[in-house]
Amino acid sequence: MGIHRKLTAIMFTDVQGYTAIMHEDEQRALTLRSRHRKLFNELTEKHRGTVVQYFGDGTLTVFDSAVDAVECALELQKAFRQAPVIPVRIGIHMGDIVLSDDDIMGDAVNVASRIESVGVPGSVFFSDHVNDQLRSHKKFETRFLDVFHFKNVKEPIPVYALVDDQLVAPDRKAYVKTKSHSSFKGAGNRGTSKQKILRWGGVLVLLAILAGLYFTFVENEKSPEGDGELLRSIAVLPVQNLTGISENDVLCETITDDLIGQLSDEVGMVKVVPKSLIQDYLDQGEPLQKMAAALNVGYILEGALHHSDSLYNLDLRLADAMERMYLWSERYDHVSGANVATMLQSQASGAISAELNAHMNSANTTISPSPTDNKDASELLARANAIADKMDKESLYQAMSLYQRVIQLEPNLSDGYMGMARVYTIGGLIWGIFRQEEAEKLSKEYVEKSMALKPTLEAYQYVLITKFFFDFDFEYSEEHLSLVAILPPFPDGAFYAVYNNIVGRYDEGIRYAENYIERFPEAGNGFAQMIRAYFLSDRWDKADSLMNRYDAKFRHDQFYMRDVAMVHLNMGNMESFMEMNNILKTNFLDNAAVHLYYDAIEMRYKGEDPKKIQEKLNLLEDQYNMGMAGSPAWFLAMYHFYIKDDETGFQWLQKSFDRKDVEILWLKNEYLLQRFKKAQDPRYTKLYNQMHWPE
């Protein structure tokens, strides 16, 4: 045959845990391998494949068609499910190979092998090249998992799973959370000074730890399990009309329908029970728990509409049908008007979405291996993590109390300290619910304690975050950001988009935002940073297009609303800005510095009483005088620049710089400061030059 090149679909298979089976029961291992080979030969021939090599419990096969390879893999996994079950991983890639008489070579072979190695038993994983070949075949359903940086593979590889009732197709978020996807490439020393050598020494320690974590994950990989369908199913009961006005029956029905629609879109429930079925059970007078069991739903949402004076009140309660307990309840008020239904359901659905996601995350967390044998500490930790994910002031304080109890129960458990670090970092940096000095000091202390007990990837990221946002250490940040390409994905990749937007590398900011969105499409932060990058790089049409598409979807995501409201304001989209500000005031932290700034701007735009505007500015100044985080001096400066009171603006900008407000890091690219930057205003240039920006 000689040697020639060919575009080929390459499939690797491997029997999970075969060596351990051989040690435990040699006869069973041999039986499994014999059955594996028999089925493999039959089905490979049926689907026009060629077996290139058997190696122990694994195989290497090539196909002329990616569709043939995937069909063969699907049929193989179905056959391997029959007793005695054979736990097989399958990986497929399409690429150029070199064929000889007895071997195949090429990067594509290595990629296919790497994809198989990150698979789970009973699954079929493949690259984006294979997925592209399947797009025109409607019989195949695929699921994106993550982008992998494989060892000895130059480019990152997007990996997909085949979805079928008889296959294991991991949930993307669960898979990303529980697997380590990167292999490690060498990194050169960027400097020769003693300080840089010491820093890179720390990096080598980090890489060694990460390598240990990686191989621990590979040795212990398991299929994600869990009762996902029940967790993502809900019965929305008809909202009761308690207003005493029969005409409001239609209003209640409208609110019910809108809630169902919003929850389906925002939480992604697998099943929302039809109203007709629910009404049948209600008409029969059946208990709610019996209805939930019969309909196989995990949650029940109840609602009632009241009316008094000029207000409509919507009472909602969310119950865990399995645990027979209420998780959340709230009352929403709205002045009578034509848009009552829209306003009430839009206010409510975001809070319900947050509670459902938090509760489902908590439930999923309990499925994963517990970080401690102490059941009480483990349960407290799971609940604290779920509550902290809401990121509002009340939730952060609740989570902090729970983390403190975890530390009391398990003082040698790193997770409790890491939780406290998250609370002080996010609560301080973004929302300003702590004093700046307190937030900085305790955030660093808790990260250090967590690192000393267990140097996790998340802890290393928070070291980087504190170095950047509290210390403005660009040198440290630049060195460690350069490692992103060779490390497994950090828990919050949106940070890298923020960093690049701050330093003016907008294309990099967009790239990191896109990567984050691929992994977490239901989180608004990635979209917000992408919009911000397009806006700051003068691609306003692209930013506007994205906002038109995503504003409605993320109207209850405080990170998205906070940042994108700023873009709308600076682009002059005042109606959109004021709509977002109204949602922020209704659903989130009333007196965060950024919200007070937005209020003052809106009141100025509407021409309201200057005394009322001054009240907002006085609250910002009070926060500054009390030393609160959240950058009050910065936002006072921005307000005065907005109204063209530049002298007062620079006075507050200097105070913001001296206090090291986190927002001062936007000095280089803040839209309201560009006129001073272009004019080389000495007041601006003086501060700019003291920041020591990276090249």
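The structure is a predicted model, in which local features need pLDDT of at least 70 and side-chain atom pairs count only at pLDDT 80 or more, while totals for chains, interfaces and linings use all residues. Residues are numbered from 1 along each chain as its sequence is written, and side-chain values use heavy atoms, with hydrogens and water left out. The chain holds 30 helices and 14 strands; helices (H or I, at least four residues) and strands (E, at least two) are DSSP runs, numbered from the N terminus.

**The chain as a whole**

- Of the 695 residues, 54% count as buried; buried means under 20% relative accessible area, exposed over 50%, and partly exposed in between, with a 1.4 Å probe and protein chains only.
- Among contacts with a separation of 6 or more, 66% are between residues 24 or more positions apart; a contact means heavy atoms within 4.5 Å.

- The average pLDDT of the chain is 78, and 74% of the residues score at least 70; pLDDT is the predictor's confidence in each residue, from 0 to 100.
- Residues 177-228 stay under 50 in pLDDT, and the model gives them 84 contacts beyond four places in sequence.
- Another stretch with pLDDT below 50 covers residues 485-491, with 28 contacts in the model beyond near neighbours in sequence.
- Where pLDDT is low, the predicted coordinates should not be read in detail.

**Helices α27 and α28**

- Helix α27 spans residues 632-642 and helix α28 spans residues 646-659; their axes come within 8 Å and cross at roughly 165°.
- Axes here are lines fitted to C-alpha atoms, for helices over the stretch in contact, and angles run from 0 to 180 degrees between N-to-C directions.
- The two helices, α27 and α28, are therefore roughly antiparallel; angles under 35 degrees count as roughly parallel, over 145 as roughly antiparallel, 65 to 115 as roughly perpendicular and the rest as oblique.
- The crossing of α27 and α28 is left-handed, meaning that the near helix is turned anticlockwise from the far one by less than a right angle; clockwise would be right-handed.
- Residues of α27 that meet α28 include Trp634 and Phe641, and those on the α28 side include Phe650 and Trp652.

**Helices α23 and α25**

- The axes of α23 (residues 558-571) and α25 (residues 593-606) come within 11 Å and cross at roughly 30°.
- That angle makes α23 roughly parallel to α25, and their crossing is left-handed.
- From α23, Arg562, Ala565, Met566 and Leu569 meet Val594, Tyr597, Tyr598 and Ile601 of α25.

**Single residues to look at**

- Arginine 422 sits in helix α15 (residues 414-429) and is buried, at 17% relative accessible area.
- Leaving aside neighbours within four places in sequence, arginine 422 is in contact with Asn385, Tyr403, Gly427, Glu458 and Tyr462.
- Asparagine 573 lies in the loop between α23 and α24 (574-587) and counts as partly exposed, at 22% relative accessibility.
- Beyond its neighbours within four places in sequence, asparagine 573 is in contact with Asp544, Met547 and His568.
- Asparagine 573 and aspartate 544 are 29 residues apart along the chain, and their C-alpha atoms are separated by 9.6 Å.

**Cysteines**

- The count of disulfides is 0, where a disulfide is a pair of cysteine sulfur atoms within 2.5 Å.
- Cysteine 72 is buried at 0% relative accessible area, and cysteine 252 also counts as buried, at 3%.
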